Amino acid sequence: PRVVLATRNEHKVVEIRRILADAGAPVDLVAVSDIPGVGDVVETGVTFHENALLKARTVAAAAELPALAEDSGIAVAVLNGMPGVFSARWSGRHGDDVANLQLLLDQLGDVPDEHRGAAFVSVAALVAPDGHEVVEEGAVHGRLTREPRGGNGFGYDPIFVPDGASRTTGEMSDAEKDAVSHRGRAFRAIAPHVTALR
Ligand code: ITT
């Protein structure tokens with residue numbers, strides 16, 4: 001099937017393509033930037049679920065093709081789940097990973113390790129122009145470090161250590177991150193639904 005990948009985040013494009021390929025889902029993924037007339041979707045939702053569906057519905061309608069979108073972020077326990085849906089724009093500058101990560105570290109200050117719990121969450125939404133919709137969620141729990149470590153991945157990866165691991169997801173290989181990540185879980189769950197499209 002031909003499916004539009006409704007994200008403007010290049011890091012997500014790379015990871016989602018890789019996860020679906022590794023899951024053996026044969027799909028012709030078209031970048032949303034290659035579809036003329038599809039503008040930016042304003043993320044007005046207050047949940048990952050709402051925003052993922054909003055992005056997929058808007059792009060599916062505009063492109064007249066099935067669309068796959070993701071909304072994701074990091075939920076920090078001592079910040080009552082923030083940055084959450086605001087993760088990409090936490091510092092006020094959308095997509096500024098360095099500023100976003102630094103602000104989060106500053107906000108945590110010297111909160112002790114046992115209170116630095118956080119979870120990455122990914123909600124994947126698949127919407128077909130005929131109205132067929134599937135939503136799958138993935139999460140990975142862990143804790144935030146005090147200093148960034150590792151240059152792989154993106155966003156908050158250099159400060160996130162999954163439960164049971166000692167390295168940050170920024171220090172992991174692609175395969176190691178995908179095996180445990182929120183995105184790996186959500187997109188492996190949605191892969192059979194993508195394959196089932198005609
Ligand atoms: P689209 O809406 O176009 O998909 P976006 O980057 O704005 O792109 P989101 O609103 O879903 O997407 O924001 C996700 C943010 O959460 C992302 O910019 C990172 O700051 C953070 N994030 C999500 N997954 C991550 C991961 O695997 N590693 C590190 N940070 C991640």
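How do the residues of the shell around the ligand divide into nonpolar, polar and charged? They divide into 5 nonpolar, 10 polar and 7 charged. Here Ala, Val, Leu, Ile, Met, Phe, Trp, Tyr, Cys and Pro count as nonpolar, Asp, Glu, Lys and Arg as charged, and the others, Gly among them, as polar. The model is predicted: local features need pLDDT of at least 70, side-chain atom pairs count only at pLDDT 80 or more, and totals for chains, interfaces and linings use all residues. Residues are numbered from 1 along each chain as its sequence is written.

**Ligand shell**
- The ligand is surrounded by 22 residues (C-beta atom, placed from the backbone, within 6 Å).
- The closest are Thr7, Asn9, Ser87, Ala88 and Gly155.
- Strand β3 (residues 67–76) gives the most, with 5 residues; strands are DSSP runs of E, at least two residues, and helices are runs of H or I, at least four, numbered from the N terminus.

**Sheet**
- Six strands form an open sheet in the order β2-β1-β3-β4-β5-β6, with mixed pairing; strands pair if DSSP finds at least two bridges between them.
- The edge strands, β2 (28–31) and β6 (160–162), each pair on one side only.
- Strand β1 (residues 2–5) pairs with β3 in the parallel sense over 2 bridges.
- Val4 stands opposite Ala67 in β3.

**Helix contact**
- The axes of α1 (residues 10–22) and α5 (residues 182–195) come within 9 Å and cross at roughly 55 degrees; axes are lines fitted to C-alpha atoms, for helices over the stretch in contact, and angles run from 0 to 180 degrees between N-to-C directions.
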